[in-house]
Amino acid sequence: MDIRIAKGHLSLLAAASMWGLMSPIGKAAMDAGITGLLLANMRMIGGAVCFWVASMFAPKEKVSSRDLQLLFFASLLGIVCNQGCFTFGLSLTSPVDASIMTTTMPIITMVLAALFLKEPVTSMKVIGIFLGSIGALVLIVSNVGNMQEGGSIGGDVLCVAAQLSFACYLTIFKKLIARYNVFTLMKWMFTYAAICFIPFSYRDFTSTDFSMFTSTVWLEVGFVVFFGTFVAYLMMVVGQKTLRPTVVSMYNYVQPVVGSSVAVFMGLATFGWVKALAAIMIFVGVYVVTQSKSRAQVLAERKQQEGLSNCGTDDEGK
């Protein structure tokens with residue numbers, strides 16, 4: 001396997017792992033009194049600060065005015081709508097429901113990639129996504145007995161909207177992402193996102209008594225901001241630069257594996273053959289999708305076949 005491809009897969013695995021931990025940790029912070037809108041804006045402001053600081057140590061890049069405008073719209077889909085809808089949705093529904101909603105992203109991404117990027121919907125992609133989604137759902141449902149909170153239709157709809165907006169971001173802005181380094185991209189996107197989201201969370205900011213929060217709550221917020229946002233988005237863009245949108249979205253299925261592993265480690269769940277089988281299905285599904293043919297590969301094979309066909313015709317003519 002090419003080193004860049006391997007780096008992309010490892011980066012996405014790291015990002016999915018941190019996002020898998022973020023749902024229960026973020027939910028714990030919200031249970032302590034931090035609203036969903038407030039936590040979402042803290043992620044955006046914190047992410048902007050982290051990426052601007054990190055960009056000071058990265059190669060300097062000049063961004064054209066046109067690309068700055070495109071980055072604004074990318075931030076709306078990839079951060080504002082995605083984080084805002086998911087975090088607010090998580091505050092209304094249960095972590096189990098929120099996790100189930102995340103399994104829709106690879107399906108949505110495959111459809112959008114076919115429409116916008118003309119990526120072929122191959123049988124391997126369909127089989128891989130099917131295996132991954134079934135494995136993820138089995139893992140999530142196997143933990144339902146450990147999570148007593150009820151769901152919410154409104155919260156579930158917001159979580160699906162978050163997956164849709166992120167799938168659109170992965171598909172529409174793939175070429176833009178390839179033009180700049182991760183720090184340049186993310187510092188502008190998070191800055192735009194923080195500015196756009198402040199009007200929605202301003203009331204929560206002004207009405208919250210931050211002095212009442214314990215050190216545990218601040219550690220939970222710190223994890224969500226630094227690891228669940230800064231490091232996870234850093235890793236995600238590294239993977240996005242080298243892998244196809246459908247492959248990137250497949251790593252969503254790793255999140256319930258992480259959640260289940262943490263639950264087993266903390267003694268909140270047991271590890272049995274059902275969880276083992278579900279985890280195997282997820283990773284097999286991811287592998288199958290990575291082995292499916294891209295549009296470039298399909299076109300190359302078509303040209304090769306046409307070339308062979310032309311050679312055969314020429315030989316007959318001779």
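Q: At roughly what angle do the axes of helix α3 and helix α9 cross?
A: This is a predicted model. Helix α3 covers residues 65-92 and helix α9 covers residues 182-207. Their axes come within 8 Å. α3 passes α9 in a right-handed crossing, and the angle is roughly 60 degrees.

Q: How many residues of the contact of α3 with α9 are nonpolar, polar and charged?
A: On α3, the contact includes L68, L71, F72 and I79. On α9, W188, M189, F190 and F197 are among the residues that make it. The contact divides into no charged, 3 polar and 15 nonpolar residues.

Q: Are the rings of F210 and F213 stacked or edge-to-face?
A: The ring centres of F210 and F213 are 6.1 Å apart. Planes over 60 degrees apart count as edge-to-face. The planes of F210 and F213 stand at 75 degrees, so the pair is edge-to-face.

Q: Is F213 buried or exposed?
A: Buried means under 20% relative accessible area. F210 has 27% and is partly exposed. F213 has a relative accessible area of 12%, so F213 is buried.

Q: Which methionines does Y169 touch, leaving out residues up to four places away in sequence?
A: Y169 belongs to one aromatic cluster that includes W19, F190 and Y233. Y169 also touches residues including A74, L77 and I177.

Conventions: Residues numbered from 1 in each chain as written. Predicted model: local features only at pLDDT ≥ 70, side-chain atom pairs only at ≥ 80, totals over all residues. Heavy atoms only, no water. Axes fitted to C-alpha atoms, helices over the stretch in contact; angles between N-to-C directions. Helix = DSSP H or I, 4+ residues; strand = E, 2+ residues; numbered from the N terminus. Left-handed = near helix turned anticlockwise from the far one by under 90°. Contact = heavy atoms within 4.5 Å. Nonpolar A, V, L, I, M, F, W, Y, C, P; charged D, E, K, R; others polar. Phe/Tyr/Trp six-rings, centres within 6.5 Å; stacked < 30°, edge-to-face > 60°. Buried < 20%, exposed > 50% of the residue type's maximum accessible area, 1.4 Å probe, protein only.
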